[in-house]
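Good morning, colleagues. Please look at the chain on the screen while I go through its overall form and then one residue in particular.

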Amino acid sequence: MERKVVYPQKLLPYLLVAPQIAITLVFFFWPAGQAIWMSTLLQDPLGFSVQFVGLENFEAVLKDPAYLATLQRTFLFSFGVTALAMIPALLLAVMVDRVVRGATAYRTVLVIPYAIAPAVAGALWLFLFQPSIGTIAYPLRFLGIDWNPRIDGTDAMIVVVIASAWKQIGYNFLFFLAGLQSIPKSLLEAAAIDGATEVRRFWTIVFPLLSPTTFFLLVINITYAFFDTFGVIHAVTQGGPGKSTEVLIYKAWYDGLIAQDLGRSSAQAVILMVIVIGLTVIQFRYVERRVHY
């Protein structure tokens, strides 16, 4: 029989959740409300005049070909970051899960990138891919590949995708490893006795049991690619060359802080928020059906 937890003091549960509610209100709902309100205004950069224009900022943004190109680029960037951050993390977790000696050292080394600041991670990969002295750029030149992220948009996008994904691999690795270690070993041993190969055991037992972890990380990584990659892009390419690495979050920052177009910048922020909320709802509506809890 399930026991019901009853707090002796009625006020205690509200006090326990109050800090989280306060943080959510101050750091999410208040800025989101401010962005929505500012997206309906036409403001002087110096703050001398403010005019209510309704949805005109949204209309101007959605009719801008540069913004639509940035939108398309952002989806490609997010797909690349999510795939490159999750697949290697799963492979590393599977390999570390089999290590008996020195497992703690392996886990520590693999998690270190997550503790590095985005700007530092971006600068590190920028040096590695630097055309003249980069450790990775040198063998590319030796193979005859004309590599230069400073003038080639595709090369620049590859660098920011790798740097952004590398920063997130440690986070994904921890969750995948915890999911692998929670799978009963008796299931795998029984399948091995029945003659199932290692690959078959992974796809028929391990991967389905990891589906809740995979689904959670899919949502987190897509959100990360849309919102939290600003530091990497700013440190590596600053949106260039020729806007080739400018994604939605970077364009919203540039239009608002550099171009001083606060109304359209706020409209872009609201559109970005709606896109991420929509993608999350779609994932819970359709992808979650394949998750087995």
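Let me begin with a term: a residue is called buried under 20% relative accessible area, exposed over 50%, and partly exposed in between, with a 1.4 Å probe and protein chains only. The model is a predicted one: local features need pLDDT of at least 70, side-chain atom pairs count only at pLDDT 80 or more, and totals for chains, interfaces and linings use all residues. Residues are numbered from 1 along each chain as its sequence is written, and side-chain values use heavy atoms, with hydrogens and water left out.

First, the chain as a whole. Its secondary structure amounts to 13 helices and two strands, taken as DSSP runs numbered from the N terminus (helices: H or I, at least four residues; strands: E, at least two). The C-alpha trace spans about 75 × 70 × 30 Å along its principal axes. Of the 293 residues, 37% are buried. A contact means heavy atoms within 4.5 Å; among contacts between residues at least 6 apart in sequence, 69% join residues at least 24 apart.

Now to the single residue. Phe173 belongs to helix H7, residues 153-181. Is Phe173 buried or exposed? Phe173 counts as buried because its relative accessibility is 0%. Leaving aside residues up to four places away in sequence, Phe173 touches Ala89, Leu92, Ala93, Val96, Arg107, Leu110 and Val111.
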